[in-house]
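Here are a few notes from my read-through of the model. Have it open as you go.

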Amino acid sequence: MIVSGSKMHPAGFLYHLGWTAVDWLFPPYCIDCGTLGERWCQACQEKVPFLAPPLCEQCGRPIERAGLCPECQHEPLPLDGVRSCYVYEGTIREAIHRLKFEKDLGLAEILAKALVKTLSHEHWNIEVITSVPVSSTRMKERGYNQAEMLAVPLALITGIPYKRSLLKRIKESPSQIGLGRQERQENIRDAFVATARASQFSSILVIDDVITTGSTLQSCALALREQGVKQVFGLTLARAISRDPLARAIS
Ligand SMILES: [Zn+2]
Ligand SMILES: [Zn+2]
């Protein structure tokens with residue numbers, strides 16, 4: 001299914017009504033301006049720009065001119081495309097903090113709409129949605145997976161099925177700082193495995209909260225491809241972008 005962005009699936013509407021009722025009973029405060037009754041008010045949302053072209057056609061990193069970034073020219077990604085809604089800073093950083101540590105599901109619904117908007121600019125034909133899994137230790141500590149908190153409302157809004165058990169994280173990701181793409185891939189290669197269930201699908205969208213080096217999504221994509229999945233796309237709410245041009249070149 002290709003996401004148009006204009007239509008909401010009935011399940012998404014019901015989910016939205018549920019949160020409207022919760023907000024009526026327990027009014028939230030805007031994460032930015034503090035207005036009562038809003039989780040992230042429209043005015044504050046409009047202050048945060050979406051990541052705009054030119055972006056690398058493959059990895060989605062902002063670049064000077066349309067096309068591929070030098071790293072993707074040198075070595076193609078194992079993904080058919082990666083996109084992110086926002087730069088990881090300010091209100092977005094705060095929003096992700098709330099997802100990660102406060103389980104703010106109502107906010108996740110608003111953020112999922114940003115994912116829909118970003119997806120609607122691509123012509124990705126997606127069969128199922130899944131999310132980057134957390135390790136079982138992390139799941140025990142926190143009780144939930146913040147990437148899944150974004151992926152589930154995205155699935156409800158778009159009507160594309162969400163499948164939880166396509167990927168398993170078998171080890172925590174080691175530090176990736178200062179490594180090149182190939183070294184990062186080696187470093188994280190065995191962090192994920194795809195289950196046999198994944199082989200039923202030809203096109204999978206993997207959701208994560210933040211992309212930093214990109215190697216987590218790459219590792220997920222390699223694992224899914226090993227199960228015969230033909231197309232793997234990645235979508236994250238935010239992208240960490242270093243303002244230091246040298247660091248940016250390796251991010
Ligand atoms: Zn506000
Ligand atoms: Zn690229």
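1. Start with the spacing: the donors of the zinc ion (ligand 2) follow C-x2-C-x9-C-x2-C along the chain. Bear in mind that this is a predicted model. The protein donors are the SG atoms of Cys56, Cys59, Cys69 and Cys72, and they lie 2.3 to 2.4 Å from the zinc ion.

2. What is the geometry of the site of the zinc ion (ligand 2)? The site is tetrahedral, with angles of 105 to 115° among its four donor atoms. For reference, the ideal angle for four tetrahedral donors is 109.5 degrees.

3. Cysteine 56 is in the loop between helix 2 (42-47) and helix 3 (70-74), while cysteine 72 is in helix 3 itself, so the pair ties together parts that are 16 residues apart in sequence. Buried or exposed, cysteine 56? Cysteine 56 has 0% relative accessibility, so it counts as buried, the cut-off being under 20%. Cysteine 72 is buried too, with a relative accessible area of 2%.

4. On to strand 5 (residues 203-211), which is mostly covered: nine of its nine residues are buried. Strand 2 (residues 128-131) runs parallel to strand 5, and four bridges join them. In that pairing, isoleucine 129 stands opposite leucine 205 of strand 5.

5. Strand 5 also runs parallel to strand 6 (residues 231-239), with eight bridges joining the two. Here aspartate 208 stands opposite threonine 236 in strand 6. The chain gets from strand 5 to strand 6 through helix 9 (residues 215-226), and this β-α-β crossover is right-handed.

Methods. Residues numbered from 1 in each chain as written. Chains lettered and ligands numbered in written order. Predicted model: local features only at pLDDT ≥ 70, side-chain atom pairs only at ≥ 80, totals over all residues. Heavy atoms only, no water. Donors = N, O, S within 2.8 Å, 3.2 Å for Na, K, Ca; no water. Tetrahedral: all angles 85-135°; square planar, octahedral: opposite > 155°, others 65-115°. Buried < 20%, exposed > 50% of the residue type's maximum accessible area, 1.4 Å probe, protein only. Pairing = 2+ DSSP bridges. Right-handed = clockwise from strand over helix to strand, strands pointing away.
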